[in-house]
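The text then moves on to the aromatic rings.

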Amino acid sequence: MNRARNIKVLIVLLGVFIVYNLIIYSQKSASSAPIMSSNAIEGEKLWQDNNCTSCHQLYGLGGYLGPDLTNVISHPQKGDAYVEAFLNSGESTMPKFNFTEEEKEKLVAFLAHVDKTGFYPNREAVFSADGWVSIKYK
Ligand code: HEC
């Protein structure tokens with residue numbers, strides 16, 4: 001005698017399940033990664049072929065002779081021209097690479113792509129006068 005009611009409940013639950021899934025899976029994820037341009041893809045190949053990662057890190061991973069380059073493009077005092085200047089001249093233990101203008105642009109495009117994917121480190125310590133440290137996330 002409860003069968004008809006059970007079936008109704010089942011149909012309602014099924015309806016809720018379908019609507020829920022339609023809403024969840026038709027939304028574009030807020031964290032979807034930016035699409036890599038062909039220049040950035042070629043830049044990544046240059047990055048690998050020249051072993052930049054033996055001295056530099058992206059998201060903290062890599063060699064530790066040079067600085068992390070995850071956000072070098074969006075850094076207020078750095079950016080495209082700054083990166084190209086390093087590639088032109090080298091500096092102390094950073095070797096001088098003889099890249100063409102095009103290759104430098106591709107490396108910059110790759111680093112600009114990496115930069116768009118997030119922050120590293122993604123937090124900043126804020127020191128207050130009473131000695132407490134609070135962590136601010138980007
Ligand atoms: C042998 C190690 C080494 C390799 C390989 C190397 N670098 Fe460097 N790089 C360094 C060092 C060390 C510095 C820091 C120099 C300084 O500040 O005096 C540096 C600095 C830089 C900077 C400036 C970063 C900043 O925040 O000031 C950029 C950009 C850079 N390198 C890009 C590259 C790219 C791109 C490659 C690969 C094509 C590369 N480097 C390969 C050692 C290296």
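**Around the ligand**

The shell around the ligand is made up of 14 nonpolar, seven polar and two charged residues; Ala, Val, Leu, Ile, Met, Phe, Trp, Tyr, Cys and Pro count as nonpolar, Asp, Glu, Lys and Arg as charged, and the others, Gly among them, as polar. This is a predicted model, in which local features need pLDDT of at least 70 and side-chain atom pairs pLDDT 80 or more, while totals for chains, interfaces and linings use all residues. Residues are numbered from 1 along each chain as its sequence is written, and side-chain values use heavy atoms, without hydrogens and water.

Among the 23 residues around the ligand, Cys52, Cys55, His56, Tyr82 and Met94 come nearest; a residue is near if one of its heavy atoms lies within 4 Å. An N or O atom in the side chain of His56 is 2.8 Å from a nitrogen atom of the ligand. For Tyr82, a polar side-chain atom lies 2.5 Å from an oxygen atom of the ligand.

**Aromatic pairs**

There are four aromatic pairs in the structure. Rings of Phe, Tyr and Trp (its six-membered ring) pair if their centres lie within 6.5 Å; planes under 30 degrees apart are stacked, over 60 edge-to-face and the rest tilted. One of the pairs, Tyr59 and Tyr120, is edge-to-face, with 6.4 Å centre to centre and 75° between the planes. Another pair, Phe97 and Phe99, is stacked, at 5.1 Å and 15°. Phe97 is buried at 18% relative accessibility, and Phe99 is buried at 14%; buried means under 20% relative accessible area, exposed over 50%, partly exposed in between (1.4 Å probe, protein chains only).

Notes. A polar contact is a pair of N or O atoms within 3.5 Å; within protein, one must be able to donate a hydrogen and the other to accept it, and residues adjacent in sequence count only if both atoms are side-chain atoms.
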